[in-house]
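Let's take a friendly walk through this structure, starting with what contact means here and then moving through confidence, domains, helix packing and a few individual residues.

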Amino acid sequence: MTARRWGAAMAVALAAMLVFGSGPAPAAGAHEGEQLYPVLTYRTGPYAPSGIPFLGGLQDYIRYVNEVQGGVNGVKIYTPECETAYSIERGIECYERFKRGYEGAPTAIFQPHSSGLDAALLDKARQDRVPVFGPGGGQAHAFEGRVFPYSFPLVLDYWSEASVVVQYIAQRAGGLDKLKGVKIATLYHDSGYGRDTIEPLRILSEKYGFEDIQIPVPHPGEQQQTQWQQIKQANADWVFLRGWGVMNPVAIKTAARVGFPVDHIIGDIWSGSEDDTRPAGAVAKGYLAVSVFPPGTDYKILQEIKKTIIDTGKSDLKDTSKFGTVYYNFGVIEGILAVEAFRTGQAKFGHRPLNTDEGQWALEHLDLTPARIEEIGATGLVSPIKVTWLDHVGGGSAKIQQWTGTEWKPLTGWIDGDRALFHDVLEQKALDYAKEKGITPRTSEDALIN
Amino acid sequence: MSSTTAPAVAQKTISLPRSALRPLAVLAGGAVLLLPAFADEYWLNSILIPTITMGLAGIGLNLLMGYAGLVSLGSAAFMSIGAFTAYNLLLRAAWLPLPFTLVVAGVVAGVAGLFFGLPSLRIKGFYLAASTLGAQFFFEWLFTNFAWFSNHSLTLTISAPRLEIFGIDLRPAPGRYLLVVVTTVLLYWLATNLVRSRIGRDWMAIRDMDKAAAVIGIPIASRKLLAYAISAFYAGVAGALFAFAYLGTSDAHSFDLDKSFEVLFIVLIGGSASLFGNFLGAAFIVLTPIFLTRLVELLDLSTLFDNGFLINFEHVLFGLTIVVLLIREPDGLAQLLRGIRARWAVWPLRA
């Protein structure tokens, strides 16, 4: 009977799936002698519009290093992809698949590309001794290298971001002493990400005397009439917009409707891409945003990529008009940080692929000086950072950029966040975490051994 | 054997209890003893633990849908209650033994299930499905808006402070695996007996025709509520295991509507009114995407197509597989297995 044959066929298929579909690929493989750098992707799902250009930037830069520079000191970088659609579970499967290397290439560092996955891996990665790094948007207390030896929230955390915004407002007001009486409203996405700036802003307002107004917007934020009325009634001078996705263009449009000046709204690093301003239309002109991933194509390294990768048809981008956008450049910056970490590790352990312990050492000694950034051709694109065993952020500066109606233009140079102000509070949070988990914080001797 | 043993031919007619017992033995014996010794970490972490945990959640929904004939789109909400209850107990009542914590997590979820099952006394079908959606949205909102539940963590995530039993640390992969398997075997045994007991027969009577069931004196209202409570209990325990034995860290969004649908698919693909089928369904959901990725890699399709296309193609293939499977075998993978077993019994002849 056909039904029976069908049943047998299904059984064979299922059995084949069990045997063949599971288990990581054999350790020996085609990529012996290369450095594994697994790329977790979200080319599908709700965040694909930002995922696609950002993966384009990352893959294009790695391709540039491999094909034009011949790898990192001759070691080619192997970047197999693993699609997560921004789901934590798929991400964990990817992590398990790649954490011990793939097809003969060892893993040195792992990048979750998602705040949720980043949090989910916090414990796992420590137990597996796999260094996890994510520029922009890690958990602020994870800077504390004594408690989190394997977490590297490089470049900028949200606490530093809050202080960059306050300093920019102070610049405009004519000095930090002029902040007294200024009203700063924070309109935040009501989630863990959004709430992360409540505490730093309270600390900042106590120090500088500005009035701190916090207004939540429930996910996804398609309706903000009441919130903006509230901002108008409170007579706020500035709005710090900590949005995500559709919430950003809606905020800009609603602000225009209630008559709040758009050039006094400062977006978060995730509220400052072309996809946040274009849907808002003409009223977005003049809108400001914090940026650690400055857009533009004038940087030397981007011109190189254009010449060797984009123009030769080797780009990962299907739609090359995304070249030089905020998210594309974010990808390039991620690539630069990873490659520089490999370089740092190779300088110590030799010109060969690194393992996770060596990757941890490399990230912990990453020192991107202005001179080195100039060599890469990324001056103005990447902010200088210096990671130490005590400080796993290593940066904390950002620029303020403005939307001209057609593109983003940087308004300022790198503004340093006041990380010293928050140090004790965050350190205490990390130590509390250590206590909850029964972790003994590292001492300087442990750090030297590692 | 004693004289009461039925002849071999008659045994085949008692299909449900026998067929439910045998996979139980296989699951318990084979899995517990052999796998941690042979399987590597990837197998345990990425294949077995999620399959078994989601299978357990599937049992919860299957008791409700397959046996009692009720619907729920709130499975993930009850999973999240289990996870958050277990977290708060582990954190605030650290002296409680882990098995007790899991049971309490299940019971709290069960109470919530009872409450959200109340509409089933009045409405049916689609209307009932819509009201269970309420649970889904309510608990996601509750756990994201009241930071107390996640101990005021910066990102509202929860992760188990400790997982130990009699002083043994269960955090390495084999430990978490054994925790999941032992819990699941016990609950599987409970579910098997439940559906064979008076309660189970009452559920099936209600499922097949509730008016007739009422006429023969089955207490419809209390049985329906019991079905919701027990279903949510299973989901709660599965949620706690999913959060701490599988993900390690999770938040309210790990248990969103998609997860509820996933549990629903596990029941549909595995087979309604089959307990073992839930594990087949869960294995299908966990393995198919990994398998498709491997297939694409093996055939070296990435040289022909770009990555974005391939990923979307995988999604299409996954959806297509489900559709074809359900058209050919509406009773799910469990029915497929039964057919194969029936054929094996008389092989090479035909029944």
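Two residues are in contact if their C-beta atoms, placed from the backbone, lie within 7 Å. Keep in mind throughout that this is a predicted model.

## A helix crossing in chain A

From α2(A), the residues Asp60(A), Tyr61(A), Arg63(A) and Tyr64(A) meet Glu304(A), Ile305(A), Thr308(A) and Ile309(A) of α11(A). Sorted by class, the residues of this contact are four nonpolar, one polar and three charged.

How do the axes of the two helices cross? Helix α2 of chain A spans residues 48-67 and helix α11 of chain A spans residues 300-310; their axes come within 10 Å and cross at roughly 80 degrees. Because angles of 65 to 115 degrees count as roughly perpendicular, α2(A) is roughly perpendicular to α11(A).

## Confidence along chain A

Chain A has an average pLDDT of 88, and 92% of its residues score at least 70. Within chain A, the highest confidence belongs to strand β10 (residues 265-267), at a mean of 97, and the lowest to helix α1 (residues 2-21), at 59.

Over residues 23-27 of chain A, pLDDT stays under 50, and the model has eight contacts for them beyond four places in sequence. Where pLDDT is low, the predicted coordinates should not be read in detail.

## Two domains in chain A

Chain A is divided into domain 1, made of 24-156 + 296-386 + 426-449, and domain 2, made of 158-291 + 400-417. Their C-alpha centres lie 29 Å apart.

Where the domains touch, twelve residues of domain 1 of chain A are in contact with 13 residues of domain 2 of chain A. On the domain 1 side, α2 and α12 (326-349) of chain A each supply at least two residues. That side of domain 1 has six nonpolar, six polar and no charged residues.

## Two positive phi values

His113(A) has a phi near 60 degrees, a positive value in a residue other than glycine. His113(A) sits in the loop between α3 (88-98) and α4 (115-128) of chain A. Is His113(A) buried or exposed? His113(A) is buried, because 22 other C-beta atoms lie within 10 Å.

Arg129(A) is not a glycine either, and its phi is positive at about 55 degrees. Arg129(A) is found in the loop between α4 and β5 (132-133) of chain A. Arg129(A) counts as partly exposed because it has 15 C-beta neighbours inside 10 Å.

## The surroundings of Val239(A)

Val239(A) is part of strand β9 (residues 238-242) of chain A. With 26 C-beta neighbours inside 10 Å, Val239(A) counts as buried.

Which residues does Val239(A) touch, not counting residues up to four places away in sequence? They are Ala185(A), Leu187(A), Ile231(A), Phe260(A), His264(A) and Ile265(A). As for Pro153(A), it is 86 residues from Val239(A) in sequence and 26 Å away in space, C-alpha to C-alpha.

## Chain B in brief

Chain B has 14 helices and four strands. Of its 351 residues, 46% count as buried. Among contacts in chain B between residues at least 6 apart in sequence, 78% join residues at least 24 apart.

Finally, have a look at the peptide bond from Trp347(B) to Pro348(B): this bond is cis, with omega near 5 degrees. Pro348(B) lies in the segment after α14 (332-346) of chain B.

Definitions and conventions: Residues are numbered from 1 along each chain as its sequence is written. Chains are lettered from A and ligands numbered from 1 in the order in which they are written. This is a predicted model: local features need pLDDT of at least 70, side-chain atom pairs count only at pLDDT 80 or more; totals for chains, interfaces and linings use all residues. Axes are lines fitted to C-alpha atoms, for helices over the stretch in contact, and angles run from 0 to 180 degrees between N-to-C directions. Angles under 35 degrees count as roughly parallel, over 145 as roughly antiparallel, 65 to 115 as roughly perpendicular and the rest as oblique. Ala, Val, Leu, Ile, Met, Phe, Trp, Tyr, Cys and Pro count as nonpolar, Asp, Glu, Lys and Arg as charged, and the others, Gly among them, as polar. pLDDT is the predictor's confidence in each residue, from 0 to 100. Domain bounds come from an automatic or database domain assignment. A residue is buried if 20 or more other C-beta atoms lie within 10 Å of its own, exposed if 12 or fewer, and partly exposed in between; C-beta atoms are placed from the backbone.
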